[in-house]
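Trainee: Before we discuss the packing, may we look at the model together?

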2 protein chains.
Amino acid sequence: MNVSLDNYKPVLPKVKAAIAEADFVAIDCELTGLQLAEHQLSLLDNPQHRYGKLRKAAQAYRVIQLGADAEAQSKVHAEETVYVARPFNFYVFPREHGELGRRDSNFTVNTGSMAFLAGQGFDFNQLIYKGIPHWNNRQEAAAMERTAGNRQKADIPEDDQNRDYIKETIEAIDTWLQQSSERTMTVAASNGYYRRLVYQIVRNKYNGFLVAQGKDMAVEVKRLTVEERETVAKHAGNVSARAALIDVDNVSDVVRAIVKARKPLVGHNCLTDICHIMQHFWDDLPESVETWKQTIRELWDRVIDTKYLAHHHTHLSTIGNTALGSLVATTSVAPFKNVCAKIVFADGFDRYIGASDQYLHEAGYDAYCTGAILLRMACFAPHVSQQSIMDILDENSILRCTNKLYLMRSELRYLDLAENEQVPSISDPTFIVSGVPRHLRTDDLRRMLVSLGAADVRWVDEARCRITLRNADAVS
Amino acid sequence: MNVSLDNYKPVLPKVKAAIAEADFVAIDCELTGLQLAEHQLSLLDNPQHRYGKLRKAAQAYRVIQLGADAEAQSKVHAEETVYVARPFNFYVFPREHGELGRRDSNFTVNTGSMAFLAGQGFDFNQLIYKGIPHWNNRQEAAAMERTAGNRQKADIPEDDQNRDYIKETIEAIDTWLQQSSERTMTVAASNGYYRRLVYQIVRNKYNGFLVAQGKDMAVEVKRLTVEERETVAKHAGNVSARAALIDVDNVSDVVRAIVKARKPLVGHNCLTDICHIMQHFWDDLPESVETWKQTIRELWDRVIDTKYLAHHHTHLSTIGNTALGSLVATTSVAPFKNVCAKIVFADGFDRYIGASDQYLHEAGYDAYCTGAILLRMACFAPHVSQQSIMDILDENSILRCTNKLYLMRSELRYLDLAENEQVPSISDPTFIVSGVPRHLRTDDLRRMLVSLGAADVRWVDEARCRITLRNADAVS
């Protein structure tokens, strides 16, 4: 189900209900970029190095599509195990919001990532015109404070120039309140001065039951519902800031719902995604990798990376390519198919019915695929298909693969959220060669080393190689 | 006329012809952002400060739409003065290009600028799917070098895995060369490895008369024209890099044509636009403002900023609001209308016929408006309407306003491209007040100072004010 500004408000309760009912939630992000040129990943990164680089990238780039698939075992099918998928595909854009404003409003875009998304048919107009904004906890608190600060500013005094405008605006609002049942009305306001006048009128004359929000060349005035008024009343110290915030669409509410429901979080090769989700939809990423791990543990009891699972679960060693698309294909046929439970889409989630590769790299579809391969691999791995997914996830061989995030291009194979990573020991003679000329390829290096016997050549970064000789005698 | 990847190649000769015939070229840019938060403009900026801040912004942000309006006095109308407008509106995007690549491929986007453009109906899909790429001189040279470097890499050796693919590709190209008159053919290449194989085949077997360019999941192979082959032959030392570059769409060619034709450059409040045009379509901006001025003087004999003209020409002192839209309105009626020459659109340039505000902030339309207000103001200012525009631009009162760029929010009123700026002397008592609390407005400050008599309050930046007292006795 595609979700944008057009339908976020009515859909959000369905999102929360789907999450509350789910056995787990699979997530995926599309981003404006992946790595920063000045923070390239290195084979030799230790956990703090690697996390530090991903943190910088998460601060610079933005999530532009968030996929969340809430998967629940069906209770209506008694004779067979059936899972029900509810994949949501959110367009996300860090737009500014009327009075709340946003100070840190620059972000970084990578042209290659844009070209890649264009190759997948990504709709950039939908993104920028209709993307749902987001404020993480720190940003929301800052917006509250800023809004409260704005409210302390002296009101614009009534004078000859604005008297008519103020009078007409009050009359228009009163007429609407008395004669119309529409929830909103629009007051024309061609610039910031007039918008401020409208905010001021709503604040001083209708505070507590109306709320104003800036639109293009206008201000929208809206009646608060009874519940909204109660929430406003509870925060009496900061009434109007809270009233404005209540009405703000904030896609962080989706992530807050996942956290609140304490559902297992599932992703595929998801370290980068999780860093972005935390940075933009939860709170600023901490500097230290240990603090970050602790935060994750507080938010989620278990995180499962399906790429780690595919690589490291002992029963899955026959799987070759662990890219998401390949895994979907591999787990759709025997021997996985034989033990795999059935997955159906809930009513209203028909976008991906019968879909194949055409939706790959749409966040909602990738989240759905991730949920599907978890179900297929988890059911296959312990060779038990008829019990509940939660029982299967509690199985020891799966638990051993839980809370471990796959690492690309690293001699550490994973980040362990629960404890310290094991640094692999290398007993064969190993050298780091620096300043490797740009035009040399791995094959060229292997040819140069042929007299030393079998050599493992891995790139540390663009100009450094790690060479491990299998024949220790060659250098003894 | 909208120009994108779809029609850039056939339209470029028309662009060059229009520029060659023009009396002047008016330009405008739409950008991904304006100011950087860490380099806010200050009232007290000296020329180097101000230029340095704009240079940083031009390095971070990108041009996404370039407007160029070539205006020429009609030779076919004998009895009246008629100008012919040819406004081009280029969608511009810094996309990567097959073998050439692009290293500095990150850029900065401001959410407010995106929201502003969305408010104007900007088509972001057209931008990212169809925007024309650009390489400035330094980037083009680097791409050449990189391409040449790539070519030095050892070829991928033929082996059992790629033998069939190589054979089939050569057969397909040979068949196309022998049997088809199509200028291009496409070879499927699902990843970088296969693309490299195709480049390698074209380079080694067809070098000098075919050129290969990466597409999505494929490589396009193209016959070179006779002229292209000659150009390639001239650069024998670097044949294939040059061959690849020849075929690259590069919107910098538009700016190079303006420079080559030595046409006057006209912009409205155009300091930022000129910095961006130089940075992205000419060469990296130099660090020093003096070197930058020297470069501009080398590129253009005269630059006219219509906002400066409107503010500072003695005959135009009755003009109130100098925003582009207001100036268009003001100069469309008496007394301007009485002396104003007629402006018509050339054949094929019908997009803006009868247009009014709906196209404002589309770069092509803003460039057209800028050209139009120059013609109207310049004809009005010297009170002579029947001579050629070039004679009018040579008139002393216009020359005094030439090569001066308007400065917003600055106590310098302009940057002078020809000499040093005059720093205005202030004889009245003047103070800089730092640490002004956020919530105070100009009116609040004036009220606080009321006992000191008339005071001029101007913001230096977000937390500093400059206060000038008109009554020196108050502080003597």
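**Fold and packing**

Mentor: Chain A has 19 helices and 16 strands, where helices (H or I, at least four residues) and strands (E, at least two) are DSSP runs numbered from the N terminus. This is a predicted model: local features need pLDDT of at least 70, side-chain atom pairs count only at pLDDT 80 or more, and totals for chains, interfaces and linings use all residues. Residues are numbered from 1 along each chain as its sequence is written, chains are lettered from A and ligands numbered from 1 in the order in which they are written, and side-chain values use heavy atoms, with hydrogens and water left out.

Trainee: What percentage of the residues of chain A count as buried?

Mentor: Buried means under 20% relative accessible area, with a 1.4 Å probe and protein chains only. Among the 476 residues of chain A, the buried share is 53%.

Trainee: How are helix 11 and helix 12 of chain A oriented to each other?

Mentor: Helix 11 (residues 271-281) and helix 12 (residues 289-299) of chain A pack with their axes, lines fitted to C-alpha atoms over the stretch in contact, 12 Å apart at an angle of about 80 degrees. Angles of 65 to 115 degrees count as roughly perpendicular. Helix 11 and helix 12 of chain A are therefore roughly perpendicular.

Trainee: Which residues of helix 12 of chain A does helix 11 of chain A meet?

Mentor: Contact means heavy atoms within 4.5 Å. From helix 11 of chain A, A:Leu271, A:Ile274, A:Cys275 and A:Met278 meet A:Trp292, A:Thr295, A:Ile296 and A:Leu299.

Conventions. Axes are lines fitted to C-alpha atoms, for helices over the stretch in contact, and angles run from 0 to 180 degrees between N-to-C directions. Angles under 35 degrees count as roughly parallel, over 145 as roughly antiparallel, 65 to 115 as roughly perpendicular and the rest as oblique. Buried means under 20% relative accessible area, exposed over 50%, partly exposed in between (1.4 Å probe, protein chains only).
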